[in-house]
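Work through the exercises below with the model open. Try each task before reading its solution.

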Amino acid sequence: MNFLLLGDVCGKSGMNAIKSKLKNIITTNKINFTIVNGENAADNGKGLTKENFNELINAGADVVTTGNHVWDHKEIIDTIEKEVQLIRPENFIEGLPGKGFHIFHSKEKKKIAVINLIGNVFMKKSRDVFESAEKVINRIKLKTDADFIFVDIHGEITSEKMALGHFLDGKITGLVGTHTHVPTSDTKILENGTAYQTDLGMCGDYNSVIGMNKENSIKKFFKDKDAKKHFPSTGEGTLSGLIVEADKESGLARKVTRLIIGGTLVQ
């Protein structure tokens, strides 16, 4: 089976790229299941709205993961309580709305578990990401409870993501990082068969500073009094992510391919 995982959708540029390109990518690459991080899909580049969620699903996403900005638009609370296709990090402080993982059923009648986690280093306080990952994996075992398992780790630092990837190697189909908005070139299959990439990057305008207007961002670094609150760049968006071909028998990865389409990045 073929799985598509896309990094943080950022602002209108990212949403426009998703709406104009995703369905064709799914068809061309014979994708069976698509996971999109909608963390920054709102027009202001922070959080997502109910409309953003619906547009992502209508464009071809099977599940939308999130991260530290998920609550930036309060309307999403009602949506995340009702929609199983929208999940938030599992290791958030207990008692928050929504769920951190779910087992979905594909058109091929396969069970696909998607787990959303958030890093602890340089991020807002959450429960221990490694302990939380271990608890979930003890509940959802590959080829017993789910045919395929994917993890989106929304984190700041590379070492934390790498360590988690090695910890879960062989226990899940794939682990990908999100949050930094910069794609890493370490796409690979780990020793025991888990697909891995430290960060998928973003779906947005790369002629920017991690999706934000570059001129204004420079002003902010100079502490220029004319600098405004960060706002997204609005040029042509790039779709950045990973295609994982997984073995139906083992549930592990057989092939991984980086996906970079449109905008200023070069495949």
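**Exercise 1. Classify Lys 223: is this residue buried or exposed?**

Solution. Lys 223 has a relative accessibility of 73%. The classes are buried under 20% relative accessible area, exposed over 50% and partly exposed in between, with a 1.4 Å probe and protein chains only. Lys 223 therefore counts as exposed. Helices (H or I, at least four residues) and strands (E, at least two) are DSSP runs, numbered from the N terminus. Last, check the backbone: phi of Lys 223 is positive, about 60 degrees, although Lys 223 is not a glycine.

This is a predicted model, where local features need pLDDT of at least 70, side-chain atom pairs count only at pLDDT 80 or more, and totals for chains, interfaces and linings use all residues. Residues are numbered from 1 along each chain as its sequence is written, and side-chain values use heavy atoms, with hydrogens and water left out.

**Exercise 2. Treat Lys 143 likewise: what is its phi, and where is it found?**

Solution. Phi of Lys 143 is near 70 degrees, a positive value in a residue other than glycine. Lys 143 sits in the loop between H4 and strand E7 (148-154). Its relative accessible area is 33%, so Lys 143 is partly exposed.

**Exercise 3. Characterise Thr 194: which residues is Thr 194 in contact with, leaving aside neighbours within four places in sequence?**

Solution. Start with location: Thr 194 is in the loop between strand E9 (188-189) and strand E10 (195-197). The relative accessible area of Thr 194 is 0%, so the residue is buried. Then list partners. Contact means heavy atoms within 4.5 Å. With neighbours within four places set aside, the partners of Thr 194 include Leu 168, Asp 169, Gly 170, Lys 171, Ile 172 and Thr 173. Also among them are Lys 188, Ile 189, Leu 252 and Ala 253.

**Exercise 4. Describe the packing of H4 on H5: at what angle do they pack?**

Solution. Helix H4 (residues 129-139) and helix H5 (residues 158-168) pack at about 25 degrees, and their axes are 11 Å apart. Axes are lines fitted to C-alpha atoms, for helices over the stretch in contact; angles run from 0 to 180 degrees between N-to-C directions. H4 is therefore roughly parallel to H5. Angles under 35 degrees count as roughly parallel, over 145 as roughly antiparallel, 65 to 115 as roughly perpendicular and the rest as oblique. H4 contributes Val 129, Phe 130, Ala 133, Glu 134 and Ile 137, while H5 contributes Glu 160, Ala 163, Leu 164, Phe 167 and Leu 168. By class, this contact has 8 nonpolar, no polar and 2 charged residues. Here Ala, Val, Leu, Ile, Met, Phe, Trp, Tyr, Cys and Pro count as nonpolar, Asp, Glu, Lys and Arg as charged, and the others, Gly among them, as polar.

**Exercise 5. Repeat for H1 and H2: within what distance do their axes come?**

Solution. The axes of helix H1 (residues 11-28) and helix H2 (residues 50-59) come within 9 Å and cross at roughly 20 degrees. That makes H1 roughly parallel to H2. Met 15, Ile 18, Lys 19, Leu 22 and Lys 23 of H1 meet Asn 52, Glu 55, Leu 56, Asn 58 and Ala 59 of H2. The class count is 5 nonpolar, 2 polar and 3 charged residues.
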